[in-house]
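Student: I have a structure open and I'd like to learn how to read it. Could you walk me through a few features?

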Number of protein chains: 2
Amino acid sequence: MEIIQPTLLLNKEKAILNIRKMDHKAKENNVRFRPHFKTHQSAEIGDWFRAEGVRSITVSSFDMAAYFASHGWEDITVAFPVNIREIRKINQLAREVRLGLLVESPETVEFLSRHLGHPVSIWIKIDVGYHRTGIEWNDFDAIIHLAQNITKSSKMHLSGLLTHAGHTYHAKSPAEIETIYRDSVIMLKEVRFKLQAAGFTSIQISVGDTPGCSIAENFGEVDEIRPGNFVFYDVMQMNLRSCSPQEIAVAMICPVVTKHASRNEIIIYGGAVHLSKENIIDHEGKQLFGLVCFYDEQQGWNRPLPGTFVKALSQEHGIIQASREIFDRIQTGDLLAILPVHSCLTANLMRKYMTTGGELIRTMAAEV
Amino acid sequence: MEIIQPTLLLNKEKAILNIRKMDHKAKENNVRFRPHFKTHQSAEIGDWFRAEGVRSITVSSFDMAAYFASHGWEDITVAFPVNIREIRKINQLAREVRLGLLVESPETVEFLSRHLGHPVSIWIKIDVGYHRTGIEWNDFDAIIHLAQNITKSSKMHLSGLLTHAGHTYHAKSPAEIETIYRDSVIMLKEVRFKLQAAGFTSIQISVGDTPGCSIAENFGEVDEIRPGNFVFYDVMQMNLRSCSPQEIAVAMICPVVTKHASRNEIIIYGGAVHLSKENIIDHEGKQLFGLVCFYDEQQGWNRPLPGTFVKALSQEHGIIQASREIFDRIQTGDLLAILPVHSCLTANLMRKYMTTGGELIRTMAAEV
């Protein structure tokens, strides 16, 4: 396998270890593992989860649900507020699989009650502090009112409460991530208590962002976890200390096209259309679009190089700021491995993986 | 045409007007128009240029060159420093079309002199201040030395000097963009003078970023311009005043999935996998990922709404910060039009366009 242009390399062994570790933690905590498949978007990688006994999954769109349904997955939650314009897809899917939907607005529940053709599971989206979507956790009246409207419909089965505590991504330390996780569970239990008091039984709790699920050892009284990114991890997770550099399972292999000695910059073929423009400010205050590792065809990629990072991306170019020592060791035509900042967006752009064993794996987009 | 999920809508009339305007300006200035096709990546949109008489194009990868070559384009410059690992593709292309390559390093020229199988045109990449790639414009010795090495090979025809003055994207005003444009041309003419003094004749000058080519009325003594983004324009260009809001030819039509009255936020189905994470800080200091317009199925999209913008993007969600008045006028299930910050990256992600006339247009990625 000769790499000549940006290629998303996947270390299958690392990904499977990441899957096993999370699956094991879920089993130890006696919670359902419903991994989010938006990260990898691949039926073949889905099979690696299935091999561990996973049977229920999360996706972020109805098209993704249809893709995984066509690959034998029968219990799928679409963790995105229902887009009522997709009602035909919803009804099609609800006929084929055990479909979970996310709702938070009375208008959507009303629409579904009129248009659903088949039974679905309904999760109420709760906002525990991320403030993207969901009903605020302590707006008990609104939550109970929504639950009442849901249960009025014979087509909607109220499964429980679902949250994404995405504010873990802004945490300053693993301790803060753990606190966010624990507080989220406390809030959801409080909501469940109120719902039980209002007569709603069997209310489940679903949580799951990768930082929280990676760092918390004790998942508490929840029914399921839905992390996704952990299968690959990335520089963002490493920066949050949700993973070690060694656990990152994907790297973009990029050819060096030129060097600029006056500023210790290395230009790679590998840009925003490969890695995405996602970036972070690291602990030293540097904005970075990826970390840089040496790459060896036999050995794969190595640890991130000190003092060296992707400082900017154009459509096809990446600019690496290198230490002088690293700069001198790299030549035009060499291959470097770039650890992506956000592996979900990188995988979505590339639409295929090359495993370190030389196997080609496609995502759903490459199959359409 | 019923829109149910994020759809990249293309106003064909606007795009053709943008093409005609730039083509007309090039003709008035008596310079070759070699538009960059990385923005649209579509053979069909390429035909709109051909209809205006355009015969020479710029692309950013050899795969893109091969795609357009297969659609009848015969004069193609790959405006990216040669990646020597793609030598087989280069030789294949050089056999089929008039291929222009970009070089800046002696190692690459040396490699090409040994491995080229067919004649190619060579452009020396000059850095006029953007500091991404290129030899610094006033490093005359290095430029002359490279020119000498190029002309030693019978396979390499030295066409001239090429620059991308991408620092126009950081300009604070149209006047500053015009100054950058004018200064770039002065620098390149100085380089050409030095090369002529060293015995190199027929040295052409190729320039072309969209801000510079949109704002400068007089292109000066250059031989060709290579703007790309202008075919669609976007919020970044509008912010630079390279275009008016009315000239933006693409918008992402997105369904509203929920609203949060406590913070005047509207959640759309439309995220980083649709728009890209490209963002700008606007004149008021706000970070924005898109502007928001009303959308009407018959009338298309309208002007950007005041006080309303995309403030954040997740993988599939967009969060719109709205004014109270706009917030109240938008309902769950409505469609909104989002003007993208960087139309090249958005088009690359979506891989297809729906024209306002209901026609489906694919990019090269959708054909593979």
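This is a predicted model: local features need pLDDT of at least 70, side-chain atom pairs count only at pLDDT 80 or more; totals for chains, interfaces and linings use all residues.

Student: Let's start with the two chains. How many degrees of rotation superpose chain A on chain B?

Tutor: The general idea is that two copies of a chain are related by a rotation about an axis and a shift along it. Here the rotation is 180 degrees and the shift along the axis is 0.0 Å, with an RMSD of 0.0 Å for chain A on chain B. That is the relation of a two-fold axis. Both copies also use the same surface, since 100% of the contact residues of chain A recur in chain B.

Student: Which residue of chain A comes closest to the rotation axis?

Tutor: Look for K277(A), whose C-alpha is 2.7 Å from the axis.

Student: Next, the cavities. How many of 30 Å³ or more does a search of the whole structure find?

Tutor: The search finds six. The largest cavity has a volume of about 100 Å³.

Student: What lines the largest cavity?

Tutor: Its lining has 14 residues, and those nearest the centre are S276(A), L349(A), A272(B), S276(B) and L349(B). In terms of elements, two or more residues come from each of α10 (272-275) and α12 (343-350) of chain A, and from each of α10 (272-275) and α12 (343-350) of chain B. By type, the lining splits into eight nonpolar, four polar and two charged residues.

Student: On to the cysteines. How many disulfides does the structure hold?

Tutor: First the idea: a disulfide is a covalent bond between the sulfur atoms of two cysteines. Over all chains, this structure holds zero disulfides.

Student: Is C213(A) buried or exposed?

Tutor: C213(A) is buried, because its relative accessible area is 0%. C213(B) is buried as well, with a value of 0%.

Student: Now backbone angles. What is the phi of R351(A)?

Tutor: As background, most residues other than glycine have a negative phi. For R351(A), phi is near 65 degrees, a positive value in a residue that isn't glycine. You'll find R351(A) in the loop between α12 and β19 (352-355) of chain A. With 18% relative accessibility, R351(A) counts as buried. Over in chain B, R351(B) also has a phi near 65 degrees, and its place is the loop between α12 and β19 (352-355) of that chain.

Student: How do I read the surroundings of a strand residue?

Tutor: Check where the residue sits, then what it touches. V207(A) is in strand β9 (residues 204-207) of chain A, and it counts as buried at 3% relative accessibility. I225(A) is 18 residues away along the chain, yet its C-alpha is 5.0 Å from that of V207(A). Beyond four places in sequence, the residues V207(A) touches include T163(A), Y181(A), L188(A) and I225(A).

Student: And where is R32(A)?

Tutor: R32(A) is in strand β2 (residues 32-33) of chain A. Its relative accessible area of 30% makes R32(A) partly exposed. Leaving aside neighbours within four places, R32(A) contacts S56(A), Q204(A), D223(A), E224(A) and I225(A).

Key. Residues are numbered from 1 along each chain as its sequence is written. Chains are lettered from A and ligands numbered from 1 in the order in which they are written. Side-chain values use heavy atoms; hydrogens and water are left out. Copies are superposed by least squares on the C-alpha atoms of residues with pLDDT of at least 70 in both. Contact means heavy atoms within 4.5 Å. On a 1 Å grid over the protein atoms alone, a cavity is a set of points where a 1.4 Å probe fits but cannot get out, and a pocket is an open set with protein on both sides within 12 Å along at least five of seven lines; lining residues have an atom within 4 Å of a point. Grid points are joined across faces, edges and corners, and a volume is the space filled by probe spheres set on the points. Helices (H or I, at least four residues) and strands (E, at least two) are DSSP runs, numbered from the N terminus. Ala, Val, Leu, Ile, Met, Phe, Trp, Tyr, Cys and Pro count as nonpolar, Asp, Glu, Lys and Arg as charged, and the others, Gly among them, as polar. A disulfide is a pair of cysteine sulfur atoms within 2.5 Å. Buried means under 20% relative accessible area, exposed over 50%, partly exposed in between (1.4 Å probe, protein chains only).
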